[in-house]
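This report describes selected local features of a protein model.

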Amino acid sequence: MATPVVAPDTGETARPSRSRSSAGTKSAVLAVLIFIVIVTGWQVLATSGAVSPLLLAPPVDVLAALGQMVSDGTLWPHLSATVQETVFGFLLAVAAALVIGSAFAYSPIVRNAVYPYILVSQTFPKVAIAPLIVAIFGYDLAPKVVLAALLAFFPVLTNTMAGLTEVSDDEVNLFRSLRASKWQELRHLRIPNALAFIFPALNSAAVLALIGAIVGEFVASRTGIGYAIQQFTTTGEVAATYAALIVLSIVGLTFYGLLTLTERLVRRNR
Amino acid sequence: MATRTLANGSRRDTTEPSAITARTVSKVFEGKRQRVSALSEVDIDIEAGQFVSLIGPSGCGKSTLLKMIAGLLTPSSGTIAIDGDTVVEPLPQIGVAFQKPTLLRWRNVLDNICLPLDLDGGRPADGETRARELLAMMGLAGFEKHYPKELSGGMEQRVAIARSLITQPSLLLMDEPFGALDEFTREDLNDELLRVWQHEPKTVVFVTHSISEAVFLSDHVVVMSARPGRIHATVPVILPRPRERSLRNAPEFYDTIRHIRAVLDEARLGEAGGEH
Ligand SMILES: Nc1ncnc2c1ncn2[C@@H]1O[C@H](COP(=O)(O)OP(=O)(O)OP(=O)(O)O)[C@@H](O)[C@H]1O
Ligand SMILES: [Mg+2]
């Protein structure tokens, strides 16, 4: 079974520096054009009657539904529940993965004994045990946090392990020749090396945590965007369903942006 | 020559150059599929303060020997001693420039050069000044804030050399440090290296594939043969010091090159001539 190690960001991608701004403007223009085409196509498709209004609401209605949710305040409890579940699940997963990944990196014995079980646990879809987890942890925050954490855990684990162990013999020899202590080798070689592996994994982990939280809400919940989507679908509020999906993608993008910002701060000043 | 004229008091300026002895040193690498006999019964005596080059065909064990002197590899048999003490771990007075530059990609050039200081109790007040001086000496002034990925291979090598010099080691181990440079830059840096060596007395063990470089720099050239790696001959270089650029045009310089080329050839042929 494959261990999905996300390629580390060694910062070696070539970046055309001279024509960067003009190329940037061009892609921005192109992106806006694509957006306009999609939204127009969507509007046409939804209003022409080609697609049932039970499946697709026109963007104008979706926007109105979104505005409604924001102005009457019904969005906020759902949003805050989902964000909380995702953030807690994400943090739990990252903390556990960093600790366990470091332990594995430092003790091959522990790693060889425990890692196979973690691998096996990866081979079946964890979504399938969502009902079980709800049964164990109840209907509130806990089961969603657990699901989010379970999904987010693995990529961070493998990349922490890889980042801490995949240093070259030459690098290790350099530190040995400088009589570095184990702690110095960790602080000045292995951790900075691992960061290039861990940050890309955090992006996947954030997305996976969000998926975990939504699945948890689908199974059993009284709040959350996932719960809201289910409600809207059963009551046939198509525009509201799409509005909720848009909120979800905004949540995802926000996590992504925050992680990118954190990475810049952490990796800039070392 | 070799008067100790270190300007400001550094914590290492009391260290005298080290003498190196190797006695019947052999190294066998036990691989999964095969065992490689990298070095066989090597004997060397390097006097304190000497500049000695190792030269020989690729794979004859030059890097291996250098790593053993550095305390990074243990001989399979025999002993290596520095100033009479058997080497079991890297000693504080060594500076190593590896065959690959091995710069840390998250540190800029200045911070890479200062790494040895950071690992040894932090940068002294004049640490960064000295790093800048070394960088300028390597012809890279102004590149302090660049990251390794922004440098060419030869520039990376020069940064690695600056890093190996920052602690003012009394034993400098250099593995093809100028291998990725053009002839002229290489000659410039040879001159600079000799200047450092005369200014801060130290023993240097220098691996190279360039006969002229070995001759220009060294007191002795150790010629090795391959499979298994052995020392074929140690050739003294009797050329006056300090050595100036003009020496590169002198007939006696060419004579020595010719001589060493002949010895190398002999080493190669002896190898092709088979075992006894
Ligand atoms: N870590 C290792 N494991 C197994 N074999 C090794 C190892 N390091 C070196 N060798 C083998 O030992 C022999 C000598 O290698 P070494 O790197 O010392 O050669 P070298 O003289 O430095 O060559 P070059 O001039 O190409 O740098 C080679 O045959 C090499 O394959
Ligand atoms: Mg070598």
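Ser218(B) belongs to the loop between helix 7 (211–217) and strand 9 of chain B. The model is a predicted one. Ser218(B) counts as buried because its relative accessibility is 0%, and buried means under 20%. Between Ser218(B) and Arg230(B) there are 12 residues of sequence separation, and their C-alpha atoms are 20 Å apart in space.

## Backbone geometry in chain B

Most residues other than glycine have a negative phi, and most peptide bonds are trans.

The loop between strand 9 (220–225) and strand 10 (230–236) of chain B holds Pro228(B). Arg227(B) is found in that loop between strand 9 and strand 10 as well. The peptide bond joining Arg227(B) and Pro228(B) is cis, with omega about -15°. Arg227(B) also has a positive phi of about 50°, although it is not a glycine. With 59% relative accessibility, Arg227(B) counts as exposed.

A cis peptide bond also runs from Arg241(B) to Pro242(B), where omega is near -10°. Pro242(B) is placed in the loop between strand 10 and helix 8 (251–272) of chain B. Asp83(B), a residue other than glycine, has a positive phi near 50°. Its loop lies between strand 4 (77–82) and strand 5 (85–86) of chain B. At 43% relative accessibility, Asp83(B) counts as partly exposed.

## The magnesium ion

Which protein atoms are the donors of the magnesium ion (ligand 2)? They are OG of Ser63(B) and OE1 of Gln99(B), which lie 1.9 to 2.3 Å from the ion. The pair links distant parts of the chain, 36 residues apart: Ser63(B) is in helix 1 (residues 62–69) of chain B, and Gln99(B) is in the loop between strand 6 (94–97) and helix 2 (109–113) of chain B.

Gln99(B), with a relative accessible area of 38%, is partly exposed.

## The second largest cavity

Rolling a probe the size of a water molecule over the atoms shows where empty space is left. In this model the count comes to 5 cavities of 30 Å³ or more. The second largest cavity holds about 50 Å³ of space. Its lining includes Leu174(A), Ser177(A) and Leu178(A) from chain A, and from chain B, among others, Ile94(B), Gly95(B), Val96(B), Pro116(B), Arg163(B) and Ser164(B). By class, this lining has 5 nonpolar, 4 polar and 1 charged residues.

Three elements each supply at least two residues of the lining: helix 7 (169–177) of chain A, strand 6 of chain B and helix 5 (153–165) of chain B. Strand 6 of chain B gives the largest share, 3 residues.

Ser177(A) and Ser164(B) are both among the residues that line the second largest cavity. Ser177(A) lies in helix 7 of chain A. It is buried, with a relative accessible area of 5%. A polar atom of the side chain of Ser177(A) lies 2.8 Å from the backbone oxygen of Leu174(A), and Leu174(A) is itself one of the lining residues.

Ser164(B) is found in helix 5 of chain B. Its relative accessible area is 3%, and it is buried. The side chain of Ser164(B) has a polar atom 2.7 Å from the backbone oxygen of Ile161(B).

## Annotated spans of chain A

An unreviewed UniProt entry lists "domain: ABC transmembrane type-1" for residues 79–259 of chain A. Over residues 79–259 the chain is 86% helix and 0% strand, with the end C-alpha atoms 19 Å apart.

The annotation "transmembrane region", from an unreviewed UniProt entry, covers residues 27–45, 87–107, 114–139, 145–164, 194–219 and 239–261 of chain A. In the model, residues 27–45 of chain A are 100% helix and 0% strand, and their end C-alpha atoms lie 26 Å apart. Residues 239–261 of chain A are 100% helix and 0% strand, with end C-alpha atoms 33 Å apart.

Definitions and conventions. Residues are numbered from 1 along each chain as its sequence is written. Chains are lettered from A and ligands numbered from 1 in the order in which they are written. This is a predicted model: local features need pLDDT of at least 70, side-chain atom pairs count only at pLDDT 80 or more; totals for chains, interfaces and linings use all residues. Side-chain values use heavy atoms; hydrogens and water are left out. Donors are N, O and S atoms within 2.8 Å of the metal (3.2 Å for Na, K and Ca); water is not among the atoms, so sites may look incomplete. Helices (H or I, at least four residues) and strands (E, at least two) are DSSP runs, numbered from the N terminus. Buried means under 20% relative accessible area, exposed over 50%, partly exposed in between (1.4 Å probe, protein chains only). UniProt positions are given in the numbering used here, feature names are shortened, and annotations may be inferred rather than shown by experiment. On a 1 Å grid over the protein atoms alone, a cavity is a set of points where a 1.4 Å probe fits but cannot get out, and a pocket is an open set with protein on both sides within 12 Å along at least five of seven lines; lining residues have an atom within 4 Å of a point. Grid points are joined across faces, edges and corners, and a volume is the space filled by probe spheres set on the points. Ala, Val, Leu, Ile, Met, Phe, Trp, Tyr, Cys and Pro count as nonpolar, Asp, Glu, Lys and Arg as charged, and the others, Gly among them, as polar. A polar contact is a pair of N or O atoms within 3.5 Å; within protein, one must be able to donate a hydrogen and the other to accept it, and residues adjacent in sequence count only if both atoms are side-chain atoms.
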